[in-house]
Every structure is written in C-alpha cells, then in structure tokens.
Amino acid sequence: MAEETIFSKIIRQEIPTELLYQDELVSAFRDISPKAPVHILIVPNKLIPTVNDVTESDELTIGRMVTVAGKLAAQEGIAEDGYRLVMNCNEFGGQEVFHLHMHLLGGKRLAPL
Ligand code: AMP
C-alpha cells in the first residue's frame, strides 16, 4: 500500500486549499510554488503514486484529468494562447510528490523543451 501524501489531505479538504475543480474522479488546485502565471495541479482522487502505477482500470480517470485541464485552461483564459501539460515520473523525471498529478502551466510563452 503506497503512503498518502499531502495531496490526499487536500483532496479530502483536511488542509484548507481552494479546489478549482472536484468530481468523483479528480481534483484540481493551484500549485503552491507556481512556475508560470497559471500553474494548476490536476490529480486523481485515488492515490496512484506514479505514472508507472497507472493501469487500464485508470483510463477513465486519466482521460478526465485531460478534459478537466482543458476546461480549466479555458476558465483561466489561456486556452487560445496555449499551455503545457506535464506529468513527472520518479527521480529522473523530477517527481517530488508521489501522488500522480498533471501540471497545467501557462499564461506566458514557455521555454522550449
Ligand atoms: P512534482 O515535482 O511533479 O512532483 O510536482 C510537485 C508539485 O507540487 C510542485 O510543483 C510543488 O510546488 C507542488 N506542491 C507541493 N505541496 C503543495 C501543496 N501543499 N499545495 C499545492 N502544491 C503543492
């Protein structure tokens, strides 16, 4: 059983963090240390530690993360200009919180990868 992170507490609202979106599968909130004018994290409600732990039974959830990202981008007014979706995995990917999350970054021209 993977250990819970602070994200589980945010999802359950045990830590006061404004939720920008929540449904039965995913939640979204602003990154505490934004790397762009818009920096939102979209996370599965269920604890999935890394992309390596995603299974076929999670496909609906992963798809929901993308559709919610698109809706939030529109809501934040960055959809037309464009934005970046990022999922870091493990040490070499730079993952720090081991609860799967998608970064939605935008509001400025991002450096090329
Ligand atoms: P990653 O490096 O992909 O694991 O990203 C983890 C992200 O979570 C970082 O961008 C952190 O700034 C962000 N983060 C960590 N703790 C919190 C928190 N309590 N609320 C919001 N974002 C957080």
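By class, the shell around the ligand comprises seven nonpolar, six polar and four charged residues; here Ala, Val, Leu, Ile, Met, Phe, Trp, Tyr, Cys and Pro count as nonpolar, Asp, Glu, Lys and Arg as charged, and the others, Gly among them, as polar. The model is predicted, so that local features need pLDDT of at least 70 and side-chain atom pairs count only at pLDDT 80 or more, whereas totals for chains, interfaces and linings use all residues. Residues are numbered from 1 along each chain as its sequence is written, and side-chain values use heavy atoms, with hydrogens and water left out.

The ligand is surrounded by 17 residues (a residue is near a molecule if one of its heavy atoms lies within 4 Å of it). The closest are Asp-31, Asn-88, Glu-96, His-101 and His-103. Polar contacts are pairs of N or O atoms within 3.5 Å. A side-chain N or O atom of Asp-31 lies 2.5 Å from an oxygen atom of the ligand, and a polar side-chain atom of His-101 is 2.8 Å from a ligand oxygen atom. Ile-32 places a backbone N or O atom 3.1 Å from a nitrogen atom of the ligand. Taken alone, the ligand exposes 510 Å², of which the protein buries 87% (Shrake-Rupley method, 1.4 Å probe).

The ligand sits in the largest pocket, with more than half of its atoms within 2 Å of the grid points. A pocket is an open set of points on a 1 Å grid over the protein atoms alone where a 1.4 Å probe fits, with protein on both sides within 12 Å along at least five of seven lines; lining residues have an atom within 4 Å of a point. The volume of the largest pocket is about 430 Å³, the space filled by probe spheres set on the points. Among its 20 lining residues, Phe-7, Asp-31, Ile-32, Leu-41 and Val-97 are closest to the centre. The largest share of this lining, three residues, comes from α1, a helix (DSSP H or I run of at least four residues).

Terms used: A polar contact is a pair of N or O atoms within 3.5 Å; within protein, one must be able to donate a hydrogen and the other to accept it, and residues adjacent in sequence count only if both atoms are side-chain atoms. Helices (H or I, at least four residues) and strands (E, at least two) are DSSP runs, numbered from the N terminus.
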